Amino acid sequence: MNAHAHEWIDYVDPGDRVVAQGRRTAQPPGLLRRYAATVCTDHAGRVLLYRRMPTAEAYPDHYDVLVGGAVRAGEGYRAAALRELREELGWEPVDGLTEAYRVHVDDPHGACFLTVHRWVADRPPRPAPEEVAWCGFVAPLTIATGGYTPLVPAGADAVRRLFPL
């Protein structure tokens, strides 16, 4: 079982209102999880791209631009995004984090509300080796035109939304 399976998270109704709490592995029918993620850029406008570990629960060995994870029980989207940046890439403190959009995602790994934030990195990442196989800043156009595959679907959507061709 993965390390995150024992985390308690909020489950929400279609209006994003908390109606239950439970383990990540026991999603009640008709309810959604909450996820918070951040798209990081550098001052040159390049996007932080990373490759997920081959042992990742969802989308192993895929590339992604969304640094994030599940919102824990009682935690807000912003707090979760900040926690994930700290845990996965060693970024703390993070000033200037802004919410870009919130979307309902139907994913084979579970339906959820995903809140995507943006942040301009002011220092290099220190990736957690158990979370990130590789990372680097790349041109958004390279990602948008298929330069890195396979790409997590929600990450591909984030690139389309935030860096239109």
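**Close-up views of a predicted model**

Figure 1. Asp 157 is partly exposed, at 23% relative accessible area. Arg 160 is exposed, at 55%.

**Figure 2. A salt-bridge network.** Shared partners join Glu 7, Arg 24, Glu 57, Arg 72, Glu 75, Arg 83, Glu 84 and Glu 87 into one network. The structure holds 17 salt bridges.

**Figure 3. Arg 72 and Glu 87.** These two residues form a salt bridge, with the closest N and O atoms 3.5 Å apart. The pair links distant parts of the chain, 15 residues apart: Arg 72 lies in the loop between strand E6 (67-70) and helix H1 (77-89), Glu 87 in helix H1. Arg 72 is partly exposed, at 28% relative accessibility. Glu 87 is partly exposed too, with a relative accessible area of 31%.

**Figure 4. The largest nonpolar core.** This core has 26 residues. Val 39, Leu 49, Val 65, Leu 66, Leu 114, Val 116 and Ile 143 have the most contacts inside it. Strands E1 (8-12), E3 (33-41), E4 (47-52), E7 (98-105) and E8 (112-120) and helix H3 (153-162) each give two or more residues. Helix H3 supplies the largest share, four residues.

**Figure 5. The surroundings of Leu 66.** Beyond residues up to four places away in sequence, Leu 66 touches Ala 37, Thr 38, Val 39, Tyr 50, Leu 114, Val 116, Ala 154, Gly 155 and Ala 158. A second, separate core of 22 residues includes Val 71, Leu 89, Leu 97 and Ala 111.

Note on methods
Residues numbered from 1 in each chain as written. Predicted model: local features only at pLDDT ≥ 70, side-chain atom pairs only at ≥ 80, totals over all residues. Heavy atoms only, no water. Core = buried A, V, L, I, M, F, W, Y, C linked by side-chain atoms within 4.5 Å. Buried < 20%, exposed > 50% of the residue type's maximum accessible area, 1.4 Å probe, protein only. Contact = heavy atoms within 4.5 Å. Salt bridge = Lys/Arg side-chain N within 4 Å of Asp/Glu carboxyl O.
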